[in-house]
Amino acid sequence: MGTVRKSIGYSSLNGWTGVAFQLVSTVVVARILTPEQTGVFAVAAVFASLASTFRDFGVGEYLIQERELTDDAIRAATTVNIAVSWAMAALLLLIAPWVAQFYRSDGVGNVMRVQAINFVLIPFGAVAMAWFRRELNFQPIFFANVIASTVSLVVVLSLATTGHGYMSLAWSSVAGVAVTVAASLYFRPKTFPRWPGLRGVREVVAFGKFVSGIYIFGQLGRGAPEMVIGRAHDMASVGMFSRANGMVEIFHSLVLRSIMPVCLPYFARSARERGSPVRGLVTTMSYLTVVGWPFLAFMALTAYAVIRLMYGEQWLAAVSLSRLLCAAAAFELVYFPAKEAMLSVGRGKESNALQMLIQGFRLLGLLAAVPFGLNGAAWGLLIAAVFGLLASHLFLARTIGLGVAEIMRALRPSAGVTVLAMAPLCVLTVLVP
């Protein structure tokens, strides 16, 4: 347990410093770039994120869950990672003109071409980073990300203030990836296998075909709003939605990005030692909601002030959107670690099916409601989140035996804390609109 706490400590520090860098960048860049420029990068980033999800191909998860990790397995994982990553780089370059034409924006294609560079670089550090996670050694990951965030911040502020627009965001991501790869090479042990190999590739691919589907469907659901809104409306609308969703992303950066990297190795160890990840999953749900529900409620109640302070007057149309998205995130948070729990016991197929179902709900809700404007799209996502919660519980009950009573016991303190914490703010909001 001490190792887990130390890992969460470093992972939390990583998340908090990341939020600090992100806030500085956002506050400055939001006052320089227009909603249209922000929308251009947001649409291109969706396609890069989809490619990145496929690029992972479950390699990290394979290394983490493998009971006896050999040098051959590490070399095979490196081979698969290089092959898929470089294929995704070529794909981004190939489809960039088509995507730019589809969204009627040359800028989207330009950003995608720059982001393709990331996929050439990432394989040289990704396997070592996954190995650090397996060993619950988050210290190298923390230092690598802090250095990378610093470099990215310097690049984006330098380019944005000199008139490079959305390309400043694209080049800052390349700079951050390059630094992360260099740091991973520096921190990895001298005995760590350095070259790719073919022995064991079949096992990596067999595992990755299900796991990659889980994250691809997840990323499709997360990126669907920008993709649909960008086509149905315009880039300025995408930018407005992106800023509204930034309220939820603050929590993701502050908490989820600190906790989630630890969940899969923690659940996997619990499954190996106790035979079931249920206890760890319920505890994680309790911790996430006792922090997340008050945070999201606070963001929803103070959305006007927060958006005005962080982004400036030009983004105030995002206030109502952000409140609905915070509500949707509160429902999603309950079963956020569901896929890690099922993967920890080797139920990749079921986890994949759940992701398909959840993201199907999101896409249907979005398509049904987007004709009613941005607020309609947000309502569609909120309704989809409720259905996703119900589906997640059904899958977890079937695969790992999670009961309703266990969930209620875990969530009762979180609900009480949220009500007590928000009551004074609710009164203040009524007295001071």
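1. Let's start with Ala421, which is partly exposed at 38% relative accessibility; buried means under 20% relative accessible area, exposed over 50%, and partly exposed in between, using a 1.4 Å probe and protein chains only. Ala421 sits in helix H17 (residues 404-431). Helices here are DSSP runs of H or I with at least four residues, strands are runs of E with at least two, and both are numbered from the N terminus. Ala421 and Phe295 lie 126 residues apart in sequence, yet their C-alpha atoms are 9.7 Å apart in space.

2. A word on how to read this model: it is predicted, so local features need pLDDT of at least 70 and side-chain atom pairs count only at pLDDT 80 or more, while totals for chains, interfaces and linings use all residues. Residues are numbered from 1 along each chain as its sequence is written, and side-chain values use heavy atoms, with hydrogens and water left out.

3. Now the overall picture. The chain has 17 helices and 0 strands. It runs to 433 residues, of which 55% count as buried. Look at contacts (heavy atoms within 4.5 Å) between residues at least 6 apart in sequence: 84% of them join residues at least 24 apart.

4. Next, helices H4 (residues 71-102) and H5 (residues 106-121), whose axes come within 8 Å and cross at roughly 175°. Axes are lines fitted to C-alpha atoms, for helices over the stretch in contact, and angles run from 0 to 180 degrees between N-to-C directions. That angle makes H4 roughly antiparallel to H5; under 35 degrees counts as roughly parallel, over 145 as roughly antiparallel, 65 to 115 as roughly perpendicular, and the rest as oblique. Residues in this contact include Trp86 and Leu92 of H4 and Met112 and Phe119 of H5. By class, the contact has 15 nonpolar, 3 polar and 2 charged residues. Here Ala, Val, Leu, Ile, Met, Phe, Trp, Tyr, Cys and Pro count as nonpolar, Asp, Glu, Lys and Arg as charged, and the others, Gly among them, as polar.

5. H5 also packs with helix H8 (residues 167-187), at an angle of about 5° and with the axes 9 Å apart. H5 and H8 are therefore roughly parallel. Among the residues that meet are Val114 and Ile117 in H5, and Trp171 and Val174 in H8. This contact has 11 nonpolar, 4 polar and no charged residues.

6. Is Thr79 buried or exposed? Thr79 is found in helix H4 and counts as buried, at 18% relative accessibility. Leaving aside residues up to four places away in sequence, Thr79 touches Pro196, Gly197, Leu198 and Val201.

7. Buried residues of H13 include Leu321, Leu325 and Ala328.

8. How many salt bridges does the structure hold? There are 2, each being a side-chain nitrogen of Lys or Arg within 4 Å of a carboxyl oxygen of Asp or Glu. Glu313 pairs with Arg308, the closest N and O atoms being 2.7 Å apart; Arg308 is partly exposed at 43%. Glu332 pairs with Arg362, at 3.0 Å between the closest N and O atoms. This pair links distant parts of the chain, Glu332 in helix H13 and Arg362 in helix H15 (residues 348-369), 30 residues apart. Glu332 is partly exposed at 29%, whereas Arg362 is buried at 12%.
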